[in-house]
Amino acid sequence: MLDRIAAQKKAGAFRELRTRFAGCDEALLADVRRRFAVEAPFGGPTSSGMLTLHCPPKHVHALASLLREKGAENVQVMALEYVFSRTNPLYARLEAGLAAAP
């Protein structure tokens, strides 16, 4: 249950942007991470230039505009339902609380 709650909470904090373009490199990825609090959940662009980014909703338009300026023909934006991660901060807090209990 805690896993689903944490995944839904994380999903609400982001929108997923997908694009493909040859001009994306590590320098651009570092820049968008810094400027827009972006995460690249699957790493940098693939060999074909496919890129998936998770971005806070307030930065979506600015990020999509920048990606198009840099050469992306299209940028798809989707709402996320769940983002499951290996670590779960809710479970970690519960576990720490149980360990501290007498």
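Cys55 is found in strand β2 of this predicted model; helices (H or I, at least four residues) and strands (E, at least two) are DSSP runs, numbered from the N terminus. At 0% relative accessibility, Cys55 counts as buried, where buried means under 20% relative accessible area, exposed over 50%, and partly exposed in between, with a 1.4 Å probe and protein chains only. Setting aside neighbours within four places in sequence, Cys55 is in contact with Ala13, Phe14, Arg15, Leu17, Phe36, Val38, Val60 and Leu63; contact means heavy atoms within 4.5 Å.

Residues are numbered from 1 along each chain as its sequence is written, and side-chain values use heavy atoms, with hydrogens and water left out. Because the model is predicted, local features need pLDDT of at least 70 and side-chain atom pairs count only at pLDDT 80 or more, while totals for chains, interfaces and linings use all residues.

I turn to the overall arrangement. The protein has four helices and three strands, and from the N terminus on they run α-β-α-β-α-β-α. Of its 102 residues, 31% count as buried. Among contacts with a separation of 6 or more, 72% are accounted for by residues 24 or more positions apart. The protein exposes about 6800 Å², of which carbon and sulfur atoms supply 54%; these areas come from the Shrake-Rupley method with a 1.4 Å probe, and for residues only the protein chains shown count as cover.

Next, the interior. In soluble globular proteins, nonpolar side chains tend to be buried together. The largest nonpolar core here has 18 residues, of which Leu17, Val32, Val38, Leu53, Leu63 and Leu67 touch the most other members. Such a core is a set of buried Ala, Val, Leu, Ile, Met, Phe, Trp, Tyr and Cys residues joined through side-chain atoms within 4.5 Å. Two or more residues each come from α2 (26-36), β2 (50-55) and α3 (60-69), and α3 gives the most, with five residues.

Which residues of α3 are buried? They are Val60, Leu63, Ala64, Ser65, Leu66 and Leu67. The cover over them includes β1, α2, β2 and β3 (75-79). After α3 comes Gly71, whose phi is positive, near 125°.

Leaving aside neighbours within four places in sequence, Val32 is in contact with Ala37, Val38, Leu63 and Leu66.

Ala37 deserves a remark of its own. Most residues other than glycine have a negative phi. The phi of Ala37, however, is near 55°, a positive value in a residue other than glycine. Ala37 sits in the loop between α2 and β2 and, at 43% relative accessibility, counts as partly exposed. Its C-alpha atom is separated by 6.5 Å from that of Cys55, 18 residues apart along the chain.

Pro45 lies in that loop between α2 and β2 as well. Beyond its neighbours within four places in sequence, Pro45 is in contact with Cys24, Leu29, Met50 and Leu51. Pro45 and Cys24 are 21 residues apart in sequence and 6.9 Å apart in space, C-alpha to C-alpha.

Now the surface. The largest pocket has a volume of about 150 Å³ and is lined by Arg18, Thr19, Arg20, Met50, Glu73, Asn74 and Gln76. On a 1 Å grid over the protein atoms alone, a pocket is an open set of points where a 1.4 Å probe fits, with protein on both sides within 12 Å along at least five of seven lines; lining residues have an atom within 4 Å of a point. Grid points are joined across faces, edges and corners, and the volume is the space filled by probe spheres set on the points. Strand β1 (residues 15-20) supplies the largest share of the lining, three residues.

One of the lining residues is Arg20, which belongs to strand β1. Arg20 is exposed, with a relative accessible area of 53%. Not counting residues up to four places away in sequence, Arg20 touches Ser48, Gly49, Met50 and Ala72. Arg20 and Ser48 are 28 residues apart in sequence, and their C-alpha atoms are 7.4 Å apart in space.

Finally, Ala22 lies in the loop between β1 and α2 and counts as exposed, at 80% relative accessibility. The C-alpha atoms of Ala22 and Lys70, 48 residues apart along the chain, are separated by 9.4 Å.
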